Amino acid sequence: MALTFEVAGGGPLRGRLRVPGDKSISHRSIMLGAVAEGVSEVSGFLEGEDTLATLRAFQSMGVSIERPGVGCVAIHGVGLHGLQPPKEPLDLGNSGTSMRLMAGLLAGQAFDTVLVGDASLSTRPMRRVIDPLIRMGAVIDATATGTAPLRVRGGQTLCAIDYHLPVASAQVKSAVLLAGLYAHGRTIVTEPAATRDHTERMLAGFGYTVERERARVGITGGGRLRATCVDVPADLSSAAFFLVGATITPGSDLLLEHVGINPTRTGVLNILDAMGADIQVMSERTIGGEPVADLRVRYAPLHGIAIPPQWVPLAIDEFPAIFVAAACAEGETTLTGAAELRVKESDRIQVMADGLRTLGVAATPTTDGMVIRGGAMGDGEVDSHGDHRIAMAFAMAALRTQGGVRILDCANVNTSFPCFAVLASGVGLSITER
Ligand code: S3P
């Protein structure tokens, strides 16, 4: 179903809100809970289409999963060798995290599986996970261009590898580590730059030993996972839209509650801080092995910066929102070293540049980033190309316009942020869904 957002100009954003649960942690809670021994209880689970695709995939492999209340999930783990062959291909919708992590986990099973996705997921690069998994002994077929559908052949003997990631990708790291649970020996992954470490933290929470030595993570196959409770914090990637929205809109003062601030995710806080934003990190605490805080954000004038490349993997999902901040900043913002943005749910460099230019912003895409000269934001109609984060970023851009922004193709906002329009309206965004 086509969905359009019509967002009126002006703000401010005020009040408090808790955005939905962290997508990365929610996916992992289902995957690890399913292959643990015992019943794992998850609270704060993101009930978005992506994470529900993961949930359904494990149900169709024989895992009993109850949903006793909003954000509550009970997973009856079947142990590392208890999954059953699914009757049909596993449909993972728009979710790259599901497909890449599950390719690793399923490589060690006794049965075959077929992983399929929607039009966007079917164009995304999968060789990055297939190549290391094949080196471990997995047998995985893909299309000639290395895309889904993937057929993961069961009954293989996996062996540990010592793998240097060619791209800074938490999904690839996680796929190899999850296959490592089934491999003979000690699997080691070395990262070229720090990427999100939720898999490592959650494995430890499920009682599995993970060794970490600077950029190297190691795991030895043949152990077991013990069921546990997972409290999923609010997703910093979803909070990021409100951090930007409040920062760019005079009079704004928002409190975002219980947000995950894992240091492998906080690039957006570093970048906005360097641009002059006023974000206070309050009541820091650790919940279930993950750092959490409340974030208070108030309007502040921004200035452009050259974004340090080492922050790029730590903010990889937040660039659509950061580009909007840059468009409202004084001077030039330059991003380099972010070619990965071209292979996300859409080509986020091109799609954001196109949309910003439609609104009159001087945005110049480069092969691996963008140069944005801040200035006035005009009204207009932009196309999100079915990319949830592009849709929400432009919803925030509308705050700085006179006459508002119409955003096309927004249905996929439900993949990561169900009820976005309702929550955003509650703090002052004038948004209508058509
Ligand atoms: C994710 C890792 C990132 C991120 C994605 C979620 C994860 O992808 O963009 O939204 O949960 O591991 P890459 O690992 O491909 O950078």
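Biologist: In this predicted model, in which sense do strand E7 and strand E9 pair?

Modeller: Strand E7 covers residues 113-116, and strand E9 covers residues 150-153. Within this pair, Thr113 has Val152 of E9 as its bridge partner. The two strands are joined over 3 bridges, and their sense is antiparallel.

Biologist: Which residue of E9 is the bridge partner of Ile140?

Modeller: Strand E8, residues 139-141, pairs with E9 in the antiparallel sense over 3 bridges. In E9, the partner of Ile140 is Val152.

Biologist: Which residues of strand E9 point to the face whose side chains are buried?

Modeller: The side chains alternate along E9.

Biologist: Is the ring pair of Phe5 and Phe420 stacked or edge-to-face?

Modeller: The structure holds 5 aromatic pairs. For Phe5 and Phe420, the ring centres are 5.9 Å apart and the planes meet at 25°. Planes under 30 degrees apart count as stacked, so the pair of Phe5 and Phe420 is stacked.

Biologist: How many residues apart in the chain are Phe5 and Phe420?

Modeller: Phe5 belongs to strand E1 (residues 5-7), whereas Phe420 belongs to helix H13 (residues 420-426). Both Phe5 and Phe420 are buried. Their pair links distant parts of the chain, with a separation of 415 residues.

Biologist: What is the geometry class of the ring pair formed by Phe242 and Phe420?

Modeller: The ring centres of Phe242 and Phe420 lie 6.0 Å apart, with their planes at 50°.

Biologist: Which helix holds Phe242?

Modeller: Phe242 is buried, with a relative accessible area of 0%. Ring pairs link Phe242 with Phe5, Phe417 and Phe420 into a cluster. Its pair with Phe420 of helix H13 ties together parts 178 residues apart in sequence, because Phe242 lies in helix H7.

Biologist: Why is strand E15 described as largely enclosed by the rest of the structure?

Modeller: Strand E15 spans residues 253-260, a run of 8 residues. The description follows from burial, because the number of buried residues in E15 is 7 of the 8.

Biologist: Which residue of E17 is the bridge partner of Leu256?

Modeller: Strand E2 (residues 14-17) pairs with E15 in the parallel sense over 4 bridges, and there Leu17 has Leu256 as its partner. Strand E17 (residues 290-298) runs antiparallel to E15 and is joined to it by 6 bridges. In E17, the partner of Leu256 is Leu295.

Note on methods:
Residues numbered from 1 in each chain as written. Predicted model: local features only at pLDDT ≥ 70, side-chain atom pairs only at ≥ 80, totals over all residues. Heavy atoms only, no water. Buried < 20%, exposed > 50% of the residue type's maximum accessible area, 1.4 Å probe, protein only. Pairing = 2+ DSSP bridges. Phe/Tyr/Trp six-rings, centres within 6.5 Å; stacked < 30°, edge-to-face > 60°.
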